[in-house]
Amino acid sequence: MSDILMRDETLFKNPEVFEFDYLPDVLLHRDSQLQSMRFAILPALRGLSPLNSILIGPPATGKTSAVKFIFRELEDTDILKAYVNCNVDHTRHLILSRIFKEIFGFKPPLSGVSFAQLFEKVMKRIKEMGKPLIVALDDINALIEDRELDDTVNSLLRAGEVFEGLKIGIILVASEVDFRRMMSSRTSSILQAQEIVFPPYTRDEIRGILKRRVELGLYSGVMNDEILEKIVEETEKAGDLRLGIGMIKFSALHAERNARRKVIEEDLDFALSKSQKNIFASILSNLGKNELLILKKILEADKEVISSGELYRMISEESKMGYTTFYEHLNKLDNLRIIHMDFTGKGRRGRTRNIKLRYPREILQESFKML
Ligand SMILES: Nc1ncnc2c1ncn2[C@@H]1O[C@H](COP(=O)(O)OP(=O)(O)O)[C@@H](O)[C@H]1O
Ligand SMILES: [Mg+2]
């Protein structure tokens, strides 16, 4: 077989497996987490109240995939499911509208209906149906600005008391261990959620997951182990599985464009920067205006390291953002692994931090343009 690719040939057996929303057929290395999630839902299958759980782990550790995986398993059961992405639906009203849509099959009117009315409609309907409901609130860190999480969780918990016989299980998904400060201690104690931890993948686990993606997505022989190992290295360095998945895709695209049947080292530089931009563009599209402003100012400062105090001064020239809010947004950006923060030990209550971008400036700049 020639090494030259014909014009209408492709290296991709199944390009879909490289998309962000692709749900793998098996979730490697997540057996115990999936078991705990099943255990929490099991009572609902027997007419009892499901348990609540909270999934905790850094980005790209398979939390969203695990929720979708479990929901897929529940497809042939009586259990009603509502998946809410809090990046998109970031107020309790929007969250409830999403649940409404899952239950009724159509969206509620956008305005003129109060939260209380919407709530009553949804809960009454569920009660009539006589089925348990599992609500998953994914990326609750996106709700950071208000007490939306507390209100939402409280309403859902109270529903069981107000509408007798209603069985609702809540799955919360958080990317920071600090999620507790987003909820009052009263709410947490009623919620009684079991904590399910999603640790970062080890190098061997990353290799296993990426290798499987290669086998599913590319024709055999397109990517050899040596090239894959370089991708594994970059992925481990970035601590983000999505980088590796993207690199496989973009390196094969680059090889294809150059009419080669095999990915070679030359393809990797292109793949790395393209994959980074792709991840950023997707992260940025989910950020609020305050966070985007903070990032814009970090870029404008054009420094290797900037202190949180200096950054706050720059922001204050343009916005009335309070210091606490500013600090919460910084934490979120740190959690999303866009920036890196170090304590300096200086400043008010030792809270001054040194801020660094985790990725090359140009990549962020270009991702901004893609918005
Ligand atoms: N255990 C796994 N096996 C296979 N693919 C995985 C696994 N964990 C994560 N992925 C892939 O990594 C990417 C990020 O996973 P995701 O579930 O979105 O993570 P999180 O919600 O924790 O940020 C997705 O493309 C997903 O398919
Ligand atoms: Mg997720």
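**Close-up views of a predicted model**

**View 1. Strand β1 places side chains on both of its sides.** In this predicted model, Ser-53 and Leu-55 point one way from β1, while Ile-54 and Ile-56 point the other way. Each of these residues, Ser-53, Ile-54, Leu-55 and Ile-56, is buried. In a regular strand, side chains alternate between the two faces of the sheet.

**View 2. β1 pairs with β4 and with β5.** The pairing of β1 with β4 is parallel and runs over 4 bridges. Here Ile-56 has Ala-174 of β4 as its bridge partner. β1 also runs parallel to β5, and 4 bridges join these two strands. On this side, Leu-55 stands opposite Ile-196 of β5.

**View 3. The open sheet has 5 strands.** Their order is β2-β3-β4-β1-β5, and the pairing is parallel. β2 and β5 (194-197) are the edge strands, each pairing on one side only. On average, neighbouring strands of this sheet are turned by 15° against each other, direction ignored.

**View 4. β3 and β4 pair in the parallel sense.** Residues 133-138 form β3, and residues 168-174 form β4. The two strands share 5 bridges. At one of the paired positions, Leu-133 has Ile-168 of β4 as its bridge partner.

**View 5. Helix α1 packs on the sheet.** α1 spans residues 31-45. This helix touches β1 (53-56), β3, β4 and β5. The direction of α1 makes about 160° with that of β5.

**View 6. The largest pocket has a volume of about 1200 Å³.** Its lining comprises 42 residues, and the closest to the pocket centre are Phe-20, Ala-60, Thr-64, Ser-65 and Arg-242. By class, the lining has 19 nonpolar, 11 polar and 12 charged residues.

Technical notes: Residues are numbered from 1 along each chain as its sequence is written. Chains are lettered from A and ligands numbered from 1 in the order in which they are written. This is a predicted model: local features need pLDDT of at least 70, side-chain atom pairs count only at pLDDT 80 or more; totals for chains, interfaces and linings use all residues. Side-chain values use heavy atoms; hydrogens and water are left out. On a 1 Å grid over the protein atoms alone, a cavity is a set of points where a 1.4 Å probe fits but cannot get out, and a pocket is an open set with protein on both sides within 12 Å along at least five of seven lines; lining residues have an atom within 4 Å of a point. Grid points are joined across faces, edges and corners, and a volume is the space filled by probe spheres set on the points. Ala, Val, Leu, Ile, Met, Phe, Trp, Tyr, Cys and Pro count as nonpolar, Asp, Glu, Lys and Arg as charged, and the others, Gly among them, as polar. Two strands pair if DSSP finds at least two bridges between them. Axes are lines fitted to C-alpha atoms, for helices over the stretch in contact, and angles run from 0 to 180 degrees between N-to-C directions. Contact means heavy atoms within 4.5 Å. Buried means under 20% relative accessible area, exposed over 50%, partly exposed in between (1.4 Å probe, protein chains only).
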